[in-house]
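Reader: Hi! Could you walk me through this model? I'd like to go over a few side-chain contacts with you.
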Amino acid sequence: MNSRIEHDFLGERSLPDTAYYGIQTLRALENFAITGIPIKAEPLFVQALAYVKKGAALANKELGVLPANIADAIAAACDRVAQGEFDNQFLTDMIQGGAGTSVNMNANEVIANVALEMMGHQKGEYQYCHPNNHVNCSQSTNDAYPTAFRIALNNKLVGYRETLVALADAFAQKAEEFRDILKMGRTQLQDAVPMSMGDEFRAFATNLREELLRIDDSRRLIDEINMGATAIGSRVNAPTGYPELVTEHLRRITGLNLSLAGDLFEATYDTGAYVQLSGVLKRTAVKLSKICNDLRLLSSGPRTGINEINLPPLQPGSSIMPGKVNPVVPEVVNQTAFYVIGADLTVTMAAEAGQLQLNVMEPVISFALFTSISYMTNACRTLRDKCVIGITANKQHAENLVRNSIGIVTQLNPVIGYEASAEIAKEALKTGKSVHDIAVTERGLLTQEKWDEIFTFENLIRPVFKQ
């Protein structure tokens with residue numbers, strides 16, 4: 001295989017001629033064997049890096065900092081990178097030291113070498129288009145990396161939001177399907193009062209739809225970028241007017257409502273927006289896990305559990321117990337939620353670890369947020385497609401549980417009072433008799449006509465106070 005020699009201030013290294021990345025990427029591959037997950041695993045991040053470099057090239061061209069032919073070649077190379085043509089050249093590990101410098105240089109080197117070929121030169125002939133002097137012109141890792149990160153997060157949240165909407169809609173559709181099914185509501189795993197199964201599933205939908213507003217709030221926070229801050233916010237090496245101009249180009253290129261931070265010093269070290277977003281992901285994960293706990297409980301049995309609903313049978317549930325089918329999808333979603341909850345702590349600690357004018361822990365923040373969004377997206381899609389849309393109800397069994405429950409005695413409070421109702425409940429629990437038999441047949445505390453009026457379906461699920 002043919003090779004080329006590249007150098008940096010640490011020395012010279014040989015690279016294969018087929019590689020579009022350069023010497024600094026090579027050093028990162030040798031230094032950061034951590035997750036085994038390269039940044040190409042997040043194509044939206046690679047795309048966002050290309051957007052940032054294109055925006056910078058166009059702004060630098062307009063301000064006369066870069067020659068037009070070089071800026072145009074960089075912009076054209078960025079278009080190809082953004083389309084995914086060179087994803088396989090983005091090989092640095094997601095978690096790395098250096099505050100993301102290796103990721104930034106990986107992008108600079110690939111874009112420079114693509115541009116060189118488009119200009120009719122060989123890879124590595126950096127005198128014509130240099131990774132630092134030209135592709136990284138008017139930039140630092142400390143503004144290019146977080147800007148690309150925020151653009152990628154914004155775009156990644158779009159897909160996640162769509163799957164969350166679809167999941168909430170699936171629960172809402174089940175709510176309509178189950179609206180005429182009477183069931184027992186439960187508190188502290190004990191019988192409470194009757195309700196409609198439709199109301200139970202509608203509450204799941206409402207619970208998840210609340211999270212859409214939180215996602216939108218988080219996206220607005222990460223719309224703020226610090227391009228032009230360069231190293232620490234002082235705009236060193238950036239020409240006058242560059243921060244505003246590059247932000248304008250990036251708004252046009254990305255279609256996002258990006259805005260330039262008012263205080264570039266603060267924006268260069270602040271990671272509060274990531275903490276907020278991570279908290280939103282954790283909050284949704286907690287809610288999703290609770291819903292999955294409920295689905296597992298409601299489908300428990302089939303003979304010795306609640307068994308009010310049936311989850312789609314997806315696979316045999318045991319290597320030893322024939323016929324057993326487990327709630328595997330709610331279980332896997334539970335586990336996904338546990339990961340996201342843990343990743344939130346990682347983001348919290350990494351954000352807190354920032355020192356002075358820069359937070360160098362942003363790579364682990366990006367890894368935690370990218371994986372959390374991906375896993376939550378997959379979990380929502382799996383729960384909807386493999387579980388929720390296939391749920392069926394055991395209508396008669398659910399209604400029988402209500403009719404035989406002691407909990408329905410609560411409906412009698414307005415008619416016979418709490419004390420008398422408590423006595424009935426105590427006797428029913430002790431003897432196994434029904435509330436109806438004790439209250440109507442044995443004690444004559446109300447007529448059958450009054451009982452029928454109190455215990456209609458509508459009055460059980462939408463109680464109307466009557467004396």
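Reader: Is Phe-45 buried or exposed?

Author: Phe-45 is buried, with a relative accessible area of 1%. Buried means under 20% relative accessible area, exposed over 50%, and partly exposed in between, with a 1.4 Å probe and protein chains only. Before we go on, this is a predicted model, where local features need pLDDT of at least 70, side-chain atom pairs count only at pLDDT 80 or more, and totals for chains, interfaces and linings use all residues. Residues are numbered from 1 along each chain as its sequence is written, and side-chain values use heavy atoms, leaving out hydrogens and water.

Reader: Good to know. How many aromatic pairs are there?

Author: The structure has 13 aromatic pairs. In one of them, Phe-45 and Tyr-145 sit edge-to-face, 5.5 Å centre to centre with 90° between the planes. Rings of Phe, Tyr and Trp (its six-membered ring) pair if their centres lie within 6.5 Å; planes under 30 degrees apart count as stacked, over 60 as edge-to-face and the rest as tilted.

Reader: Where do Phe-45 and Tyr-145 lie in the chain?

Author: They link distant parts of the chain, 100 residues apart: Phe-45 is in helix α2 (residues 43-62) and Tyr-145 in helix α6. Helices here are DSSP runs of H or I with at least four residues, strands are E runs of at least two, and both are numbered from the N terminus. Tyr-145 counts as buried, at 1% relative accessibility.

Reader: And what about Tyr-145 and Phe-149, how are their rings arranged?

Author: Their centres are 6.5 Å apart and the planes are at 55°, so that pair is tilted. Tyr-145 and Phe-149 are four residues apart in helix α6, about one helical turn, and both are buried. Ring pairs also join Phe-45, Tyr-145, Phe-149, Tyr-274 and Phe-370 into a cluster.

Reader: Nice. Switching to charges, how many salt bridges does the structure hold?

Author: It holds 29 salt bridges, each a side-chain nitrogen of Lys or Arg within 4 Å of a carboxyl oxygen of Asp or Glu. One of them joins Asp-169 and Arg-209, whose closest N and O atoms are 2.7 Å apart. That pair links distant parts of the chain, with Asp-169 in helix α6 (residues 141-177) and Arg-209 in helix α7 (residues 197-221), 40 residues apart. Asp-169 is partly exposed at 29%, and Arg-209 is partly exposed at 38%.

Reader: Which helix holds Asp-217 and Arg-214?

Author: Both lie in helix α7, three residues apart, about one turn of the helix. Elsewhere, salt bridges that share partners join Lys-183, Arg-186, Glu-200 and Glu-308 into one network.

Reader: OK, cysteines next. How many disulfides does the count give?

Author: The count comes to zero disulfides, a disulfide being a pair of cysteine sulfur atoms within 2.5 Å. For Cys-129, the nearest cysteine sulfur is that of Cys-78, 9.4 Å away. Cys-129 is buried, at 0% relative accessibility.

Reader: Last one: which residues does UniProt list for "domain: Fumarate lyase N-terminal"?

Author: The unreviewed UniProt entry lists residues 12-342; such annotations may be inferred rather than shown by experiment, positions follow the numbering used here, and feature names are shortened. Over residues 12-342 the chain is 57% helix and 7% strand, and the end C-alpha atoms are 42 Å apart.
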